Amino acid sequence: MKYSKKHRGAANAKSQSSTPLRMKIILGIIFVLFATLIGQLAYLQLGYGSRFKAEVQKSNSAVVSSQVPRGVMYDSKGRVLVGNKAQNAITYTKSASTTSDQVYSIANALSYYIRLNDEKPTEQQVIDYYLGNKANSTKETAKVPKSVRNTEDEELINNAINDQVRKEHIKLTTREKTAALIYNKISGAYTLSTIYIKNQGLTDKEIAEVGEHLSSLPGVGIGTDWQRSYPNGSSIQSIIGSVSTEKAGLPSDNLQYYLTNGYSRNDRVGTSYLEEEYEPLLKGTKSTSKVWTKSDGNIEQTKSVYSGQAGASLVLTLDAKYQKEVQNALKQTYASAIASGAAHYSNGAYAVAMNPQTGALLAVAGINRDPNKNKTVDNALGVINQTYVMGSVVKGAMVGGGLINKVITPTNNTLPDTPIYLPGSPIKKSVYPVGTFGALDAPTALEVSSNIYMMHLAMNWVHAKYVPKQFISMPDTAFDTLRRNFNMFGLGQKTGVDLPGESAGIQGKSFNAQGQILSGSVLDLAYGNYDAYTPIQLAQYVSTIANGGYRLQPYVVQSVGHTATNGKKVYIDYNKKPNVQLRIPWTSDELDVIHQGFWRVVHGTNSWGTAHKLKDVKPSISGKSGTAQTFYYDPNHPNQKNPPELINATFVGYAPSNSPKLAVAVVFPGLDPDLEGSYTLQMAKAMVQDYFKLHKN
């Protein structure tokens, strides 16, 4: 018994003595580890503390760019046609550390000081703003089924939350709607980019209130924006074109092109006509600034690197005063045609003036009309993109081609004036009674506008075989022969004017379904009653006759330069030189035949002369009138049977007759043939008189 008790006591003593030893070992290890850690921290603090401190305080830098004023456009006399109007704007620059809560807070605060009454938030913008409030977001998220929330698919969860809010039809106050719009603008801003919160209609009160609270609106500022202005009216705005808004940004159809050329998505760019055609020059080069940000993302410092260069200035060939006179004359003349009933079915009218010695466009005017609603709008661009069958005005090109190709000569150009009788077709004749003339020479044929002369000339030219009332046979190349000739004068092909969207015209069919040439249509083409041309093609064609045979490229931009900082002087860097596209290969005697004919159209004595009403205009006019048969096309009833028969009335001319400085083309399509009047002649008279009244020297 004694032995066993002693044994148990020894065991307990051993256990009690071994436990403190293990603890000591563990505590010793812990002490060593702590000592090592403290030593390492001391080493880092003493050896690398300053480096870490610098790293924490280090700021990053980035280069940001800003818009510059767009280039100004002037008329030929230095008047501003399109400029830039500076206006105050509320801006926002997004820092790298901006959170969605801060965006929501700024949007709400700013909405108390400004209103965006010209914009309305979309349904999605309302939802985004509503969920921008963390409390609302948490509440709506809780409503989403757990089965969706547990998927951890953020897109699926967000779509479910959006659908949930959409069903609740959230209603916002007027202020909250403004806040929603601001929230959307700020949320979509790129880091360190400056956007416009409001840049139109900003009131003095709004500027004052925002300025007073800038310290509590991080990123918000008051700056300047530029908007296009038209101090001399908007009659040619359709030629100048338009610029996209900051909201619209880059056109989607050319997005990649602009992005690869350094544009930002919200940059404003030219979207039509001159603004689009000369975009690379008009946009200028953006100003750049270097921005330093702290490690927390807040902006520390901004320094201007490059002040930017305003867009290039364009000096146009157009004279603002003359342009206005022509546009007003066109409106008045066309209004009188409507009032008389002559233009009941007409869809517009066009007039273009050109310097025949250079190709410079001096005035471009147009009207587009909806006959069903009797509503008219300015459409100066119709001179390059509207096509019409022009009628007898093109006969100068027909006679010119006959002379160049020796079908007729200056001394032998008389042809019979007997109508054309094709089997199974109505008689093809001129407007005057059959038998009025037995034969005509070329100048007289132009004066009385003989269709018969042009048809006989065409048949001789293409070597047609013809027996009256029995048959007519033409080579398959007949259309090509005549069209090449018209093309030589600029008819039926693009003129190359420096405006996008020009039409080349429309060619009628050359062959029927059986592959047979349409011989009767070849004859129609010869006197201008088949293919369709644009008004600017008529201007180029008559200028070619006026200047002796040089087909010149029409143009609108005369010079490119830059405007002085005071805005009072333009320094020219480039001047456009006349571009001769083709020289008509005729002799002076051949040209004189056409000049005689055009002179006699206005100043002749034959009772069938077509433009004698212009003979008293000073300086003297030479030219050619025309009418072409057509029919009314109603887009609302495209298959209408027996549509009203109409005519296109036209005139081309130049003045002074002996030394032309002005060439004009006038087109009044879709007139009532029984009420044709002399509207084109009235318009031509006004264009000539107004021009020389403004340019007396």
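This note comments on selected local features of the structure above.

1. The model is predicted, so that local features need pLDDT of at least 70 and side-chain atom pairs count only at pLDDT 80 or more, while totals for chains, interfaces and linings use all residues. Residues are numbered from 1 along each chain as its sequence is written, and side-chain values use heavy atoms, with hydrogens and water left out.

2. Serine 392 sits in the loop between strand 12 (388–389) and helix 15 (395–404), where helices (H or I, at least four residues) and strands (E, at least two) are DSSP runs numbered from the N terminus. Serine 392 is buried, at a relative accessible area of 5% (buried is under 20%, exposed over 50%, partly exposed in between, with a 1.4 Å probe and protein chains only).

3. The side chain of serine 392 makes a polar contact of 3.0 Å with the side chain of lysine 395, and another of 3.0 Å with that of serine 449; such a contact is a pair of N or O atoms within 3.5 Å, where within protein one must be able to donate a hydrogen and the other to accept it, and residues adjacent in sequence count only if both atoms are side-chain atoms.

4. Two cis peptide bonds deserve a look: lysine 618 to proline 619, with omega of about -5 degrees, and alanine 655 to proline 656, with omega near -15 degrees. Proline 619 belongs to the loop between helix 21 (588–603) and strand 22 (622–631).

5. Histidine 463, although not a glycine, has a positive phi of about 60 degrees, and it is exposed, because its relative accessibility is 65%.
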